[in-house]
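This report goes through the chain from its surface to a few of its strands and helices. Please keep the sequence and the structure at hand while reading.

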Amino acid sequence: MSTVPGAGADAGAGVAVHTLPDIGADPAVATALAADLDAAGFTVDRVDALWGTEAAASLHRGSRVAALRAQAARETSPLGTLATLFVLGLPTSRADAAAAFPTAGLDAVVAAGLLAADGDDVHPAVDLRPYAFVDDLGAGSWWIVSDLGELALGHAISEEHVLGIGGATTTLSGLQVPVPVRTVLDLGTGCGIQAMHARRFAEHVVATDISRRALDIARFNAQLNGIDGIDFRYGSLFEPVAGERFDRIVSNPPFVITPRRPGVPSYEYRDGGMVGDALVETVLRGLSEHLEPGGTAQLLGNWEYHWGVDGLDRVRSWFADTDLDAWVIERERQDPTSYAETWIRDGGTKPGTPEFDTLMGAWLDDFADRRVTGVGFGYVVVRRTLPGGTASLRRFERVPETLGSNPAGLGATVARVLDAAAWLAAHDDAALATAHLTVAGDVTEERYYWPGNDDPTVMTLVQGGGLGRRVDADTALAAFVGACDGDLSVAAIVGALAQITGVDEQVLAADLLPAARDLVLDGLLMPA
């Protein structure tokens with residue numbers, strides 16, 4: 001998934017007092033604007049080609065100098081004008097801007113809150129950029145409106161800033177299970193991107209947010225891209241959907257752990273207004289009440305480590321006494337100092353300034369007072385059990401390594417793990433022994449030898465996709481996996497290996513069956 005880099009992508013800044021433009025247009029204006037963007041070729045590839053690979057990479061790093069030099073060497077065109085306004089965040093002449101919007105008309109684009117006219121110049125009022133993605137339905141592309149970032153504004157952003165597409169955005173959209181469902185809830189929709197992705201696999205989507213501005217922008221983005229079937233609702237957390245249940249819930253909640261102290265800015269897009277990780281806990285505890293039986297949820301979140309208390313153990317406690325399957329994957333852990341530095345800088349306050357030092361003090365005091373020793377970040381996958389069922393998946397793990405190859409994201413992997421957990425819960429050891437298993441197509445085996453030795457010293461099963469699992473295997477497990485081609489049952493393979501190696505069959509089964517369960521859950525082995 002990709003967007004054109006530039007002044008507004010993932011940019012943050014400190015608190016500012018300035019007026020944000022109202023976003024809202026007649027659907028006909030959005031349709032006409034889409035026609036102009038399409039006619040100009042306003043796509044990720046075409047915009048990158050305006051200034052070349054090196055300048056595009058420099059934009060990703062927050063500098064637009066190289067792009068400006070490349071742009072200056074080209075003749076004026078509607079594509080160049082759009083890129084200058086919405087990607088670089090710079091003004092153009094009124095004449096050039098008018099030429100870029102022959103269908104919508106410059107006045108209508110200004111009235112919609114996307115541009116601001118000032119004499120002979122036209123300035124960008126928002127960030128608007130092309131976005132390309134690939135999911136299980138194939139490749140797609142949209143245009144996404146969000147608020148201008150620090151670089152384009154030349155000053156700090158507002159606490160009501162609506163964030164555009166960044167790394168967390170694409171991570172969560174890739175986690176969404178690519179299985180058709182009737183209803184989806186996007187909790188905290190922001191610019192609406194998760195709701196738009198969810199709509200590709202759902203008949204109806206409800207998108208909520210506590211920011212009216214975010215809802216206006218999200219609604220406009222849906223109109224701009226011709227996406228219907230999304231119901232936008234205002235309110236906090238689950239309040240707008242009280243009493244309702246959904247087949248799927250997705251959420252990138254405002255999980256950043258910010259001190260609740262005077263003088264510390266609170267941004268609607270990232271700060272939930274609760275102490276510590278209480279907002280993430282509240283969301284996770286509320287899932288059961290709003291999921292249909294068999295429904296799933298995919299979320300991102302932070303969780304705290306406290307003195308003597310492991311962060312994943314705290315998350316595990318949030319699922320106690322619930323009817324939810326839970327799979328939590330911690331991808332990163334930061335110490336309090338690193339965490340504070342990350343988010344203070346995200347807020348636009350630069351290191352080395354008195355303001356930065358003051359905020360660092362507030363953050364570290366808050367962590368110290370609450371005995372926080374670290375903060376974990378990761379993914380949360382949940383499924384509500386069917387009536388009469390019990391939770392069969394409670395997995396809390398750390399996967400900090402590089403993931404496998406997943407061009408369409410991890411959604412298919414999430415679906416496979418949930419299916420595998422249900423299959424394993426329905427198969428005790430006796431049933432597993434009669435099952436036929438096959439090796440997943442992305443699994444390879446690595447072998448390492450001491451020089452001159454015929455027998456391998458280390459054997460590792462390697463998953464090419466998914467989480468990129470690496471499983472060390474002894475001779476028996478490697479031989480067992482190698483024989484899983486769907487023809488023989490698990491019991492038949494174990495019996496043959498016992499006969500070949502001279503090991504007691506029951507002893508070998510006691511060793512291999514638990515390993516086989518783990519490999520099925522991880523996706524290296526699959527029921528035939």
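This is a predicted model: local features need pLDDT of at least 70, side-chain atom pairs count only at pLDDT 80 or more; totals for chains, interfaces and linings use all residues.

## Overall build

The chain has 19 helices and 20 strands. Its radius of gyration is 26 Å, close to the 24 Å that the globule rule gives for 528 residues, so the chain is as compact as a globular protein of that length. Taken along the principal axes, the box filled by the C-alpha atoms is roughly 90 × 50 × 50 Å.

Of the 528 residues, 53% count as buried. Contacts between residues at least 6 apart in sequence were also sorted by separation: 72% of them join residues at least 24 apart.

## The open sheet β2-β4-β3

Three strands form an open sheet in the order β2-β4-β3, and their pairing is antiparallel. The edges are β2 (92-93) and β3 (115-118); each has a single partner strand, so one side of each is left without a neighbour in the sheet.

Strand β3 is joined to β4 (residues 121-124) by 4 bridges, with the two strands running antiparallel. One of the residue pairs is Asp118 with its bridge partner Asp121 in β4. Strands of a sheet pair through backbone hydrogen bonds, either parallel or antiparallel.

## Strands β5 and β6

Strand β5 spans residues 127-135 and is mostly covered, with 7 of its 9 residues buried. A hairpin of 2 residues links β5 to β6. The two strands run antiparallel, and 9 bridges join β5 to β6 (residues 138-146). Within this pairing, Arg129 stands opposite Ile144 in β6.

## Helix α8 and its cover

Which residues of helix α8 (residues 167-175) are buried? They are Thr169, Leu172, Ser173, Gly174 and Leu175. An α-helix has 3.6 residues a turn, so residues three or four places apart point the same way.

Methods:
Residues are numbered from 1 along each chain as its sequence is written. Side-chain values use heavy atoms; hydrogens and water are left out. Buried means under 20% relative accessible area, exposed over 50%, partly exposed in between (1.4 Å probe, protein chains only). Two strands pair if DSSP finds at least two bridges between them. The radius of gyration is taken over C-alpha atoms; the globule rule is 2.2 Å times the number of residues to the power 0.38. Contact means heavy atoms within 4.5 Å.
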